[in-house]
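Take a look at the protein below.

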Amino acid sequence: MKKLYLTMLIGFLLGGVCFAQDYYALIEIMIKNDSGTAFVMNTVTKVPDTASCSKILSPIDQLKDKYVVRTECVSGPKWDDLLRDTFANKPTGSIYISYKDGYGFETRINSKVLAGKNSSTPGQLIEPPVQTTVAWANAMIETLEKGGIKNARIIYPRTNK
């Protein structure tokens, strides 16, 4: 009987390890100015389970009264494939910031700009000048450091040469 319980326990533990998957806490915060141009900041944090996902997403609800905020907890092979390079700190199509948050979870932040109503392409993604994006990233790292994060770094985009 003890062997049966031991076998079941080992099977359960190994099965849990084999089928363990990552979850991702996704946060998008949009801040619009008077012309309708929107600054969008995206944060994704890799966590081991849905409880950790909730711990990351819960404080963000406080911002929903002031900004347009979307949050979601996702998992699965599609997300693992989509985020693999980002969490390996490989260059992607745009600049992003890589760091471990206060809970020790790997986190990535990037930003986008959506054209305003006075633009010839309202609502479309526009590419800000590189200097602007680098200035944003440096300011973000300073803010993270003031909050106790000491391992933040900029991952520059891949170059097409």
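In helix α4, the residues T133, W136, A137, M140, I141 and L144 are buried. Buried means under 20% relative accessible area, exposed means over 50%, and partly exposed lies in between (1.4 Å probe, protein chains only). Seen down the axis of α4, these buried residues fall within an arc of 135°, so they line one face of the helix. The arc is that of the directions from the helix axis to the C-beta atoms.

The face turned away from the buried side carries the exposed residues Q131, T143 and K146. The cover over the buried residues of α4 includes β2, β4, β5 and β7. Helix α4 spans residues 130-146, which is 17 residues. From its first C-alpha to its last it reaches 24 Å, close to the 24 Å expected at 1.5 Å a residue. That expected span is 1.5 Å times one less than the number of residues. Just after α4, G148 takes a positive phi of about 105°.

This is a predicted model, in which local features need pLDDT of at least 70, side-chain atom pairs count only at pLDDT 80 or more, and totals for chains, interfaces and linings use all residues. Residues are numbered from 1 along each chain as its sequence is written, and side-chain values use heavy atoms, with hydrogens and water left out.

Helix α3 covers residues 77-87. Its buried residues are W79, L83, T86 and F87. They cover an arc of only 75° around the axis, which puts them on the same side of α3. The face turned away from that buried side carries P77 and K78, which are exposed. Among the elements that cover the buried residues of α3 are β1 (23-32), β2 (38-47) and β3 (68-75). Strands β4 and β5 (106-114) are also included in that cover. Just after α3, N89 takes a positive phi of about 60°.

Next comes a link between two cysteines. A disulfide is a pair of cysteine sulfur atoms within 2.5 Å. By this rule the count comes to 1 disulfide. C53 and C73 form it, with their sulfur atoms 2.3 Å apart. The pair links distant parts of the chain: C53 sits in helix α2 (residues 50-57) and C73 in strand β3, 20 residues apart. The torsion about the S-S bond is about 110°, so the disulfide is right-handed. C73 counts as partly exposed, at 31% relative accessibility.

Step back to the whole protein. There are 4 helices and 7 strands. Helices (H or I, at least four residues) and strands (E, at least two) are DSSP runs, numbered from the N terminus. Buried residues make up 34% of the 161 residues.

How far can you trust the picture? The protein averages a pLDDT of 84, and 86% of the residues score at least 70. pLDDT is the predictor's confidence in each residue, from 0 to 100. Strand β4 has the highest mean of the elements (97), and helix α1 the lowest (43). Over residues 1-19, pLDDT stays under 50. Where pLDDT is low, the predicted coordinates should not be read in detail.

Notes. Contact = heavy atoms within 4.5 Å.
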